[in-house]
Amino acid sequence: MAEDLNQDPGAPENTDPEATSAESAETAAAEAAEAQGVDEGLVDGAGVDGAAEAAAADAEGVNIDDSNSIEAELAERTEDLQRVTAEYTNYRRRVERDRASVITGAKAEVAAELLPILDDLEMAEQHGDLTGPLKSMSDKLQSVMASMRVEKFGEEGDEFDPNCHEAVQDTSSGDDKVLATVLRRGYRLGDRVLRNAMVIIGDPQ
């Protein structure tokens, strides 16, 4: 009876050391699980942040691809424009060259038709008949031919050139040949020979 009165009523009835160890193990397991849950939450949070960073990187990659595509298209359009500009420049030069050739050809045809008149006027001058109105007409015609860049060539003593001189007789005895007699003047329009000079070849004096 005395032993029952001395026992603490608030003390646990079961003080088995094995039970206490089991409870401690359960508590430690619970704390470990809770800590693990916190770590997993942190890991999950890091995963969300990583996903956000990955999405941002993908968006940046798309922007870079778009920029590269625009630059490539701009470079292609620039090359097309340069090619068209070069083609137009070449076309314009070709047209100008053809137009100049047509104009020169037309002048040459007109000048060639006037050469017999120049021959007659020159012959009249040699005989002293180029006076009065005839002299005035000759001067005007010579002025027109000069404005068209028509020049006469073939003077006695000039070196013989088979490209622009037509020899009807060769009286020379050496390799050096000159124009001994000019039977008919030659005429050229710029670099184009309208008519060869008719000459007799002789030796240099």
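How many bridges join strand β4 to β5? There are 3 bridges between β4 (residues 186-189) and β5, and the two strands run antiparallel. This is a predicted model: local features need pLDDT of at least 70, side-chain atom pairs count only at pLDDT 80 or more, and totals for chains, interfaces and linings use all residues. Residues are numbered from 1 along each chain as its sequence is written, and side-chain values use heavy atoms, with hydrogens and water left out.

**Sheet β1-β4-β5**
- This open sheet has 3 strands in the order β1-β4-β5, with antiparallel pairing.
- Strands are DSSP runs of E with at least two residues, numbered from the N terminus; two strands pair if DSSP finds at least two bridges between them.
- β1 (150-153) and β5 (192-195) stand at the edges with a single partner strand each, so one side of each has no neighbour in the sheet.
- Neighbouring strands here are turned by 35 degrees against each other on average, direction ignored. Axes are lines fitted to C-alpha atoms, and angles run from 0 to 180 degrees between N-to-C directions.
- Arginine 188 has valine 193 in β5 as its bridge partner.

- β3 and β6 (residues 197-202) run antiparallel and are joined by 5 bridges.
- Threonine 181 has isoleucine 200 in β6 as its bridge partner.

- Cysteine 164 is in the loop between β1 and β2. Its relative accessibility is 7%, so cysteine 164 counts as buried.
- Buried means under 20% relative accessible area, exposed over 50%, and partly exposed in between (1.4 Å probe, protein chains only).
- Cysteine 164 is in contact (heavy atoms within 4.5 Å) with Phe153, Arg188, Val193, Asn196 and Ala197, leaving aside neighbours within four places in sequence.
- Cysteine 164 and methionine 198 are 34 residues apart in sequence, and 9.1 Å apart in space from C-alpha to C-alpha.
- Histidine 165 lies in strand β2 (residues 165-170). Histidine 165 is buried too, with a relative accessible area of 8%.
- Beyond its neighbours within four places in sequence, histidine 165 has contacts including Phe153, Glu159, Leu179 and Val199.

Key:
Helices (H or I, at least four residues) and strands (E, at least two) are DSSP runs, numbered from the N terminus.
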